[in-house]
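Please have the sequence and the structure open while reading.

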Amino acid sequence: MYLCRLYLYAVGTELTPIMRLVILDDYALASEWAAKYICNRIIQYNPGPDKYFTLGLPTGSTPFGCYKKLIEYHKRGDLSFKYVKTFNMDEYVGLPRDHPESYHSYMWNNFFKHVDIDPNNAHILDGNAADLQAECEEFERKIQEADGIELFVGGIGPDGHIAFNEPGSSLVSRTRLKTLAMDTILANAKYFDGDLSKVPTMALTVGVGTVMDAREVMILITGAHKAFALYKAIEEGVNHMWTVSAFQQHPRTIFVCDEDATLELRVKTVKYFKGQNRSIKV
């Protein structure tokens, strides 16, 4: 099987503790880098019927290009999801599963139906469950039953929230029901014809602590509108008002961004991480 040409920061089969900021020229290159990284991690893990690779996944506009690349690798025979279990970050409450803007619809239309994943292994929270608390607890149980998440991929909002862990969320939170911040509702209105009344105001979301439990985290941050959030994530201290900042304390986090997202960073910060990235072979 072809191995995507991207160096992994690994020693033998053990991942080395490290925080990286990988800066690519534009969105397309950032998406390709992330997809290659996921591809390599799955292939090197060598999953099988008794050893599934567990992958946490986001939705939204940022990971779309990454998913397109993963589909491309699958269709040319380089990557299989047969022995991969996925756990999505979040889902709206009260939105029908077949609604075009539900995260069930997003994942199936933009990714799952194009690869060979077993539908039973694609886990997405049910925002229409009769007992939402029980649904959240069951989701956490399924993650534990799968022996935790090997790689959790995430995106962030302009206010630095990861999944739907809005500003002020606990940094040790677990999967739960969450009321969405007005900034998030306004940002998501574009998916609902610009009509705020159509945007769900609540969601089920994995907690910051849930993602922190993953053995590795990769966060995708692209666009100038995310630049201040990246600054808060990288250059300032851990702050529950910017929940993405919690991942400074994760033993293995990779932030993948484009040049536009670095606009608020200090020049020396950018130079430092670009210097580190010269050890990446692509």
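A charge is said to sit over a ring if NZ of Lys or CZ of Arg is within 6 Å of the ring centre and within 35 degrees of the ring normal. The structure is a predicted model, and the charged end of K85 sits over the ring of Y52. K51 likewise lies over the face of Y45. The table gives the distance to the ring centre for each.

| Charged residue | Ring | Distance to ring centre |
|---|---|---|
| K51 | Y45 | 4.7 Å |
| K85 | Y52 | 4.9 Å |

Y67 belongs to helix α2 (residues 64–75), while F111 is in the loop between α3 (103–110) and β7 (122–123). Y67 and F111 are both buried. Both also belong to a cluster that ring pairs build from Y67, F81, Y106, W108, F111 and F112.

The loop residue is D50, found between α1 (27–45) and β4 (53–57). Is D50 buried or exposed? D50 has a relative accessible area of 80%. Exposed means over 50%, so D50 is exposed. From D50 to Y83 the distance is 8.7 Å, C-alpha to C-alpha, and the two are 33 residues apart in sequence.

Methods. Residues are numbered from 1 along each chain as its sequence is written. This is a predicted model: local features need pLDDT of at least 70, side-chain atom pairs count only at pLDDT 80 or more; totals for chains, interfaces and linings use all residues. Side-chain values use heavy atoms; hydrogens and water are left out. Helices (H or I, at least four residues) and strands (E, at least two) are DSSP runs, numbered from the N terminus. Buried means under 20% relative accessible area, exposed over 50%, partly exposed in between (1.4 Å probe, protein chains only). Rings of Phe, Tyr and Trp (its six-membered ring) pair if their centres lie within 6.5 Å; planes under 30 degrees apart count as stacked, over 60 as edge-to-face and the rest as tilted.
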